[in-house]
Amino acid sequence: MDSRAVGDGAGGGPDASSPADPPSPEPDPSAGSMDARLPADLLRAVLQRLPPIDLARSACVCRAWRAVASDRAVVEAAFCAPWGVRRVVGEPATGAFWRTACLGRFALSHAVRRGDTVPGVALKYSVQVTDIKRFNNMMSDHGIYSRERLLIPISNPEILMGSTCYIEMDHNAKREVAIFYPEGRPGGKTESVASIVAAERRSKRILESVRRSLHVDDGTAAYYLSVTEGDPRAAMMEYSEDLRWEQQRAGG
């Protein structure tokens with residue numbers, strides 16, 4: 001008997017009778033990747049509900065996502081939603097301004113009048129003296145006399161509800177903020193304190209009405225009011241459509 005034949009049959013080589021190993025599957029280039037091909041209206045509806053930092057990350061997915069995530073209306077809505085701000089006027093120096101919607105991005109403008117002092121202004125707005133000085137880049141209380149206005153950190157976010165803020169670079173404070181003018185607007189017509197208070201109360205009533213009708217928290221009610229420009233009926237319809245869409249997705 002040929003020794004080579006014995007060797008081949010005794011494990012010295014592959015067994016001809018055993019099935020061949022299946023070929024390794026070729027890697028699927030789409031496996032593990034996110035399908036970014038969504039309808040534009042659905043994509044906008046999803047992205048505009050993200051907080052600003054996640055919205056910025058979404059812009060890195062693909063061109064279609066970047067187009068929606070960079071849209072001014074979407075970016076502004078995400079920036080305003082946490083505080084119920086109606087709109088923000090102006091363009092920031094850089095796009096990074098929109099990525100953080102913290103309360104420190106907003107400030108109240110106080111026109112300095114004769115006799116004003118930093119402690120007096122702090123008492124008026126219920127904030128700390130050190131916070132005013134730090135926010136305005138002031139080394140001492142005497143810095144108030146060389147300024148026409150002070151930026152006041154927002155201590156009560158409710159004053160921003162339904163407001164219009166203006167993006168400005170304050171060269172004394174050396175910071176860019178969205179400024180709320182409680183007595184009017186920059187270069188515009190001045191409003192009375194009574195009208196401001198009445199508007200704030202009206203905004204609170206609308207928010208409470210929407211919150212109770214939808215059985216949601218204040219933040220959710222404020223968000224739907226912000227994306228519908230303060231229209232309570234439109235806010236309720238928008239919420240109902242979103243709820244219906246979620247139920248359809250869950251049922252499917």
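**Close-up 1. The N-terminal cap of helix H5 in the predicted model.** Asp71 caps the N-terminal end of H5, where a side-chain oxygen lies 3.1 Å from the backbone nitrogen of Ala73; a polar contact is a pair of N or O atoms within 3.5 Å, in which, within protein, one must be able to donate a hydrogen and the other to accept it, and residues adjacent in sequence count only if both atoms are side-chain atoms. Helices (H or I, at least four residues) and strands (E, at least two) are DSSP runs numbered from the N terminus. This is a predicted model, in which local features need pLDDT of at least 70 and side-chain atom pairs count only at pLDDT 80 or more, whereas totals for chains, interfaces and linings use all residues. Residues are numbered from 1 along each chain as its sequence is written, and side-chain values use heavy atoms, with hydrogens and water left out.

Close-up 2. The buried residues are Val74, Val75, Glu76, Ala77, Ala78, Phe79 and Cys80. Their cover includes helix H2 (40-47), helix H3 (52-58), helix H4 (63-69), S1, S2 and S5, with contact meaning heavy atoms within 4.5 Å.

Close-up 3. The open sheet has the strand order S1-S4-S5-S2-S3, with mixed pairing, two strands being paired if DSSP finds at least two bridges between them. Strand S1 (87-89) and strand S3 (149-153) stand at the edges with a single partner strand each, so one side of each is left without a neighbour in the sheet. From one strand to the next the twist averages 45°, where axes are lines fitted to C-alpha atoms, for helices over the stretch in contact, and angles run from 0 to 180 degrees between N-to-C directions. Strand S4 (residues 164-170) and strand S5 (residues 175-180) pair in the antiparallel sense over five bridges, and Ile167 has Ala178 in S5 as its bridge partner. Helix H5 (residues 72-80) packs on the sheet, touching S1, strand S2 (106-111) and S5, and its direction makes about 115° with that of S1. Helix H6 (residues 118-125) also packs on the sheet, touching S2 and S3, with its direction at about 125° to that of S2.

Close-up 4. S2 and S3 pair in the antiparallel sense over five bridges, with His110 opposite Leu150 in S3. Arg149, Leu151 and Pro153 point one way from S3 and Leu150 and Ile152 the other way, and all are buried. Asp170, found in strand S4, is buried with a relative accessible area of 8%. A polar atom of the Asp170 side chain lies 2.7 Å from the backbone nitrogen of Ala173; residues up to four places away in sequence not counted, Asp170 touches Arg149, Leu151 and Arg175.

**Close-up 5. The largest nonpolar core.** Of its 35 residues, Phe79, Phe106, Ile132 and Ile152 touch the most other members; a nonpolar core is a set of buried Ala, Val, Leu, Ile, Met, Phe, Trp, Tyr and Cys residues joined through side-chain atoms within 4.5 Å. H5 gives the largest share of this core, five residues.

Methods: Buried < 20%, exposed > 50% of the residue type's maximum accessible area, 1.4 Å probe, protein only.
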